[in-house]
Amino acid sequence: MLEIITVGVAQIKNSSSPSVLRTILGSCVGICLYDRVKKIGGMAHILLPVNQKVGSSPEKYANTAIPMLVKMLLHEGAKIEYLSAKITGGASMFKIGSNISLGQIGIRNIEQTKQELQKLGIAILVEDVGGNQGRVIDFYLEDGRMKVKAGGQEKIYYKV
Amino acid sequence: MDQNIKQRIETIISNIDQLPPLPEVASRVINMVNDPDVSFKQVAQEISKNQAMTTNILKLCNSAYFSKGNEIISIDRAIVTLGLKEVKDIVLLVAAKPILDKPVIGYDLGQGDLWKQGLAVATMSRDIAMGKKRKDIADVVFTGGIIHNVGKVVIALFVQQAFKQIIDLVQTQSITFPQAEKEIMGYNHQEVGEKILEKWNFPPVLRSIVRYYQEPENAPEAHRLEVSIVHIANAICLMGGIGIGSDGLFHEINDRAIKKTGLTQADLEGLYARMPDLLKQIMDLQ
């Protein structure tokens, strides 16, 4: 049996092969990082793009959670040059008043996530983002593949 | 429209025995707290008749979520310490859990997902009411939040059958998932939910919440604030991925509901940002 580790809203978890990291996403973004050589990886489940206040729940925000996840993986022996990213989530409410800023949160989460990964020089191999569907994510640390279940359909991304 | 599915739903909702049953004590207590002639002694007696439930009710009274510090060992004590309305909410939690805690197949919700979403929406709805200095409706929107999507339990089987048609209609007609439910199956889960609440003999405001939480602008004016609050809490929880299923975010956040509650943009973002704390809070109710 594979060990399934649930990553909750605004949590960061890491583990090694053959664990599976699982999360459920709406407008949040899931960032899956994998070191293909060491076969270790981690997932951050961010709720919002930018942390306005320093020091308050860094796991919640793209700009603080992603560096935290990278640090965690490097500490476990990963090498930055072997890390690659798959990002998913960031869905939007189907119908939303044009002046409701919360409606843009999914899109803002995706943009910020991309910026942070670019800053750290980590390539994004897969983007399964946006739209209006919820997503259930399984990230297999055995080989870094990511399964995305959305609207009754499953997709598996193998690229690492 | 799938006439076969429509007829099968009609058969279920016109036959009271086919709708999920709620322990009678819950319906009685919900109506008793609205009756000014009922004493708290009478409510306590009514609850205490049901031994099995009393044990679970006391357990919840002493949970981190509800406890006020001192251990509560009787229903009398619970009402004095927590208040009648709070105890009513706890009775409903205990009574409704077995109905809402199951997997809901057609909506792709695992065991506990619908229940967790109800708890999250209930808690957020109550927070919104309290934030707007409307303590008087805090317990109503809490109860409404718990049961707002109870209709899904009954209709899920048909959603599973008709899913492809429903989701296609959502995409081609640009309508929300519940609107497409109605187009394809003749009924949506809110209408079925209303029938369930009729069976349970719940008061009108709770029926309005269940019936109109997806379209608050059509709720009776007298209940529109309560309905709007649950509408917003539901949408924000879904955005946070809580209870998100095969219907995804094919829903709506209604401008008029936001106006009705007087919530600002910053309030909405604040509610969304506080989600992790809210999830911790509801952990011991799951």
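**Figure 1. A strand pairing that crosses from chain A to chain B.** In this view, β7(A) and strand β1 (residues 252-253) of chain B pair in the parallel sense, with 2 bridges between them. Look for Ile96(A), whose bridge partner in β1(B) is Ile253(B). As with everything shown in these panels, the model is a predicted one.

**Figure 2. The contact region of the two chains.** Here 29 residues of chain A are in contact with 28 residues of chain B. On the side of chain A that touches chain B, β3 (20-25) and β7 (95-96) of chain A each supply at least two residues. Sorted by class, that side of chain A has 14 nonpolar, 13 polar and 2 charged residues.

**Figure 3. The open sheet of chain A.** Follow the order β2-β5-β4-β6-β8 (chain A) and you will have traced the 5 strands of an open sheet with mixed pairing. At its edges are β2 (12-16) and β8 (123-129) of chain A, each of which pairs on one side only. On average, neighbouring strands of this sheet are turned by 15° against each other, direction ignored. As a reminder for this view, strands of a sheet pair through backbone hydrogen bonds, either parallel or antiparallel.

Figure 4. Strand β4 (residues 29-35) of chain A runs antiparallel to strand β5 (residues 40-46) of chain A, and 7 bridges join them. Within this pair, Ile31(A) has Ala44(A) of β5(A) opposite it. Helix α1 (residues 62-75) of chain A lies across β2, β4, β5 and β6 (83-89) of chain A, and runs at about 165° to β5(A). Helix α2 (residues 105-119) of chain A also packs on the sheet, where it touches β4, β5, β6 and β8 of chain A. The direction of α2(A) makes about 25° with that of β4(A).

**Figure 5. A covered helix in chain B.** Helix α13 (residues 224-239) of chain B has 16 residues and reaches 22 Å from its first C-alpha to its last, close to the 22 Å expected at 1.5 Å a residue. This helix, α13(B), is mostly covered, with 16 of its 16 residues buried. After α13(B) comes Gly241(B), which has a positive phi near 85°.

**Figure 6. An exposed lysine in chain B.** Lys259(B) sits in helix α14 (residues 255-261) of chain B. Lys259(B) counts as exposed because it has 11 other C-beta atoms within 10 Å, and the cut-off for exposed is 12 or fewer. From Lys259(B) to Glu71(B) is 188 residues in sequence and 41 Å in space, C-alpha to C-alpha.

Methods:
Residues are numbered from 1 along each chain as its sequence is written. Chains are lettered from A and ligands numbered from 1 in the order in which they are written. This is a predicted model: local features need pLDDT of at least 70, side-chain atom pairs count only at pLDDT 80 or more; totals for chains, interfaces and linings use all residues. Helices (H or I, at least four residues) and strands (E, at least two) are DSSP runs, numbered from the N terminus. A residue is buried if 20 or more other C-beta atoms lie within 10 Å of its own, exposed if 12 or fewer, and partly exposed in between; C-beta atoms are placed from the backbone. The expected span of a helix is 1.5 Å times one less than its number of residues. Two residues are in contact if their C-beta atoms, placed from the backbone, lie within 7 Å. Ala, Val, Leu, Ile, Met, Phe, Trp, Tyr, Cys and Pro count as nonpolar, Asp, Glu, Lys and Arg as charged, and the others, Gly among them, as polar. Two strands pair if DSSP finds at least two bridges between them. Axes are lines fitted to C-alpha atoms, for helices over the stretch in contact, and angles run from 0 to 180 degrees between N-to-C directions.
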